[in-house]
Amino acid sequence: MTSWPLTYGSVPLCLLLVAALCAGTSHLGDNWCSSVAITSCQECLRRGPQCSWCFKEDFLDGSGARHRCDLQTNLLRSGCGPEFTESGVKVEVDADVGGTQVNPRDITVTLTPGSEASFVVAVKQLPRYPVDLYYLVDVSASMQENLDHLKTMGVALSLRMAEYASDLWLGFGSFVDKPVSPYINVHPTKINNPCSDYEIRCRPAHGFHHVLSMTGNMSEFTRVIKRQRISGNMDTPEGGLDAMLQATVCQGAVGWRPEAKRLLLLMTDQPSHLALDSRLAGIVVPHDGLCHLENNIYTGSTKMDHPSLGQLSEKLLENYIYSIFAVEKQQYRWYEELVGLLPGSYLGKIEFFQSPNLIDLVVDSYKSLLTDVTLSVSVDDEAVARYWTSVLPVCPEGTTAKGQSCSGVQPNQTVYFNITLGLRSCPENGSDEDIRATVRPVGYNESATVRIHAKCRCGCESTGRCGETERSPCEGMTDGDGRGPLRGLVNQSDWDCRAEGSDLDCSGRGACECGRCVCERSRLGSVYGKYCESDDFSCSYEGGLLCGGRGLCVLGDCVCDEQWTGESCACPVSTATCRSPDGLLCGGRGVCECGRCACDDHRYSGDFCERCPACQSSCASNWKCVDCHMSHGLKQQEAGRCNRTCDTDVVYDGGDKSGGERIQCMYMGSDNCRYWFEMSSEFGRKRLHISTRAECASRGRAVGTFLSVCALTVLCGLAVVAVSRLLLQKRGWSPREAHKDREYNCTGKELSYIPTTNEKTVTYRRERPPDHSVEMTVHVKMPLGEPWQ
């Protein structure tokens, strides 16, 4: 099989297949198919995918053969019924072959040269999968410390993955490099112990050694890891890709489970050898892509070249395996380019190969690989040049289209893929051919098989008979009295028009002609199918419109437009109408059903479940329960009498106080005492914790406490004032000295501002005589320090 160099994200669609038959040259003139050069059905179909051939014997008597080749609409208009036309494009789905993740699983496509056919494949992301994780570890000498960190990883990883997987199984294998020169030192003393120069006992170099098959026993995994020893080689690159292919294709030895998500984790601190590198060792035989394990040892390591990236990619796809590369940061750039060529791969940069780092890498890569859905389409090698394909993914709401894939796909979401297959040309001998194409969601253990029939010859002769090798059982043959067709042949053809278990020809909605059903025409829509069993109008109506006018009726079910869902396409996919102003879905108290909120609690109502007239506060709703327990003395042996009053578990001081978030409440008892209690909830189980220690206080005691506090405050203030004054007197401080200091305190930095004189202005005024008053002002300066006289 050969994969197209296309990665098509996410997989999704319903188990119904919408077939679109496209005529590539449908815009050409009506007489494009009609030509004097056309003398047979085969030549007509090769004229183009829009051309049809009429094999009705009396069609246009007296006309040439070229008139039998035309657009199908023209043939029908000229009186050639659809049962007498030969055309080439058809898509059929086997609805009985379906899967839980990929639908449909079996598709049949008939093509003529130059034609194309479209169909849709749906891939659904399930919430939880079992997971198989195979550790493939480089055990060269530089990985000694990293190998030690694996010894404590099994149980811790199992606990972390329990959040995302139904169960986790682990396996283990090791690799170094091809055990030949120049990759290793072939001196006799170094073959069995590559570390002899360092007086360390190492295991011999090996291409791949399968150590532990998949197991859910974490203790067994830890025991096997502790027994591992390092090895050694000479050159820097290792044989990682060679070992990866063996771990992928040796399904039985490794123990990959059919139903599990498969992860292959490669741990190394060096790059890897690629195809053709083995020529340095004189190995020129290409890898055959098969398993070569004997007693869990890879026997083909010294006989075949390293696999190519294309070969490894194909085997990973065929065996539904995700690959994860855990490499040190020095080699990150090298593996970054390599991972881009391997679909379904994840690259993680590890600073140190410690247990927490590896666990985070595995968990993060698993979540990322699941949410990024990629599709691969492959076709038989011998026919790949004659076909072409294209894929259009339709991502669900909330996801991101990344190239031709969908990322961020959540559990139970479905991605739809519109896949188009086209036939460029027929084989050189002009004969029909049957080939297979495979549609694989990367990493999923389900795929879809497409059976392609290339129709290069017609099933009738140019003279118009039903078949090339036999005459029509319906035309030109009568019974003995000449009144009609032979009954035996008619009955045989009738059985060809009946579905299994049915006693009606053509499901009662058509006529059996020439062993084929000619379906009746209905004013409601089209009737079709081999036995006229299908139509495009037997679906639910909404508002007087088929499928509410928001979808198509296919095989009796509505295939809704992208933004709608439901039996009659009446429900919007978006939950925007259910989000309250604070952004919560139905206020956090319900679910969105068909664009409207359905509240979890019947007491709540409103567009967003925001109204609850009958609700009490969470604390007040438990007061009756607390009061009941108080009336029985808060004794554990009497607690059972309150079962009818309490709807939660109740514990007193000393009970189990584990749990999540708690709400603290207070209840004032009839004895004028306060009792505290807490409410908690864990795993949906509510619990009430009541404290038996009461806080009681009388009114007289409260007044006394208030007066004591006031008196104490006044006394403290007086004490502070007294102490402050004593300290000031002890230092000899007085207001007079303070005044002098303020008046003559100089810094000495600017002497021009120091006062040297004392100035005073005196005004004398004489009031008499009243008409001659006199006023005199005297300004006097005196040396500083002399008294005034």
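Predicted model: local features only at pLDDT ≥ 70, side-chain atom pairs only at ≥ 80, totals over all residues.

Me: Okay, how many bridges join strand E20 to E23, and do they run parallel or antiparallel?

Reply: Strand E20 (residues 387–394) is joined to E23 by eight bridges, and the two run antiparallel. For a spot to look at, find Thr389, which stands opposite Leu421 in E23.

Me: Which strand pairs with E23 over nine bridges?

Reply: That's strand E10 (residues 116–124), again in the antiparallel sense. Here you can look at Ala122, whose bridge partner in E23 is Tyr416.

Me: What should I keep in mind about side chains when I look along a strand?

Reply: In a regular strand, side chains alternate between the two faces of the sheet. As for cover, E23 spans residues 414–423, and seven of its ten residues are buried.

Me: Let's move to disulfides. How many does the model have?

Reply: The rule is a pair of cysteine sulfur atoms within 2.5 Å, and the count comes to twelve. One of them joins Cys539 to Cys553, with the sulfurs 2.1 Å apart.

Me: Where do Cys539 and Cys553 sit in the chain?

Reply: Cys539 is in the loop between strand E29 (534–535) and strand E30 (541–542), while Cys553 belongs to strand E32 (residues 551–554). The two are 14 residues apart, and the pair links distant parts of the chain.

Me: What does the disulfide between Cys578 and Cys592 tie together?

Reply: First the bond itself: Cys578 and Cys592 have their sulfurs 2.1 Å apart, and with 60° about the S-S bond the link is right-handed. Cys578 lies in the loop between strand E35 (571–572) and strand E36 (590–593), and Cys592 lies in strand E36, so the pair ties together parts that are 14 residues apart in sequence. Cys578 has 0% relative accessibility and counts as buried.

Me: Now helices. How do I work out which residues point the same way?

Reply: An α-helix has 3.6 residues a turn, so residues three or four places apart point the same way. With that in mind, look at helix H13 (residues 623–631), where the buried residues are Cys625, Val626, Cys628, His629 and Met630.

Me: What follows H13?

Reply: Gly633 does, and its phi is positive, near 75°.

Me: Last one: which residues form the nonpolar patch on the surface?

Reply: Val703, Phe706 and Leu707, with about 320 Å² of accessible area together. Leu707 is found in helix H14 (residues 699–730). At 52% relative accessibility, Leu707 counts as exposed, since the cut-off for that label is over 50%.

Definitions and conventions:
Residues numbered from 1 in each chain as written. Heavy atoms only, no water. Buried < 20%, exposed > 50% of the residue type's maximum accessible area, 1.4 Å probe, protein only. Helix = DSSP H or I, 4+ residues; strand = E, 2+ residues; numbered from the N terminus. Pairing = 2+ DSSP bridges. Patch = residues over 30% accessible without salt bridge, like charges linked within 9 Å, V, L, I, M, F, W, Y side chains within 5 Å. Areas by Shrake-Rupley, 256 points an atom, 1.4 Å probe, with all protein chains shown as cover. Salt bridge = Lys/Arg side-chain N within 4 Å of Asp/Glu carboxyl O.
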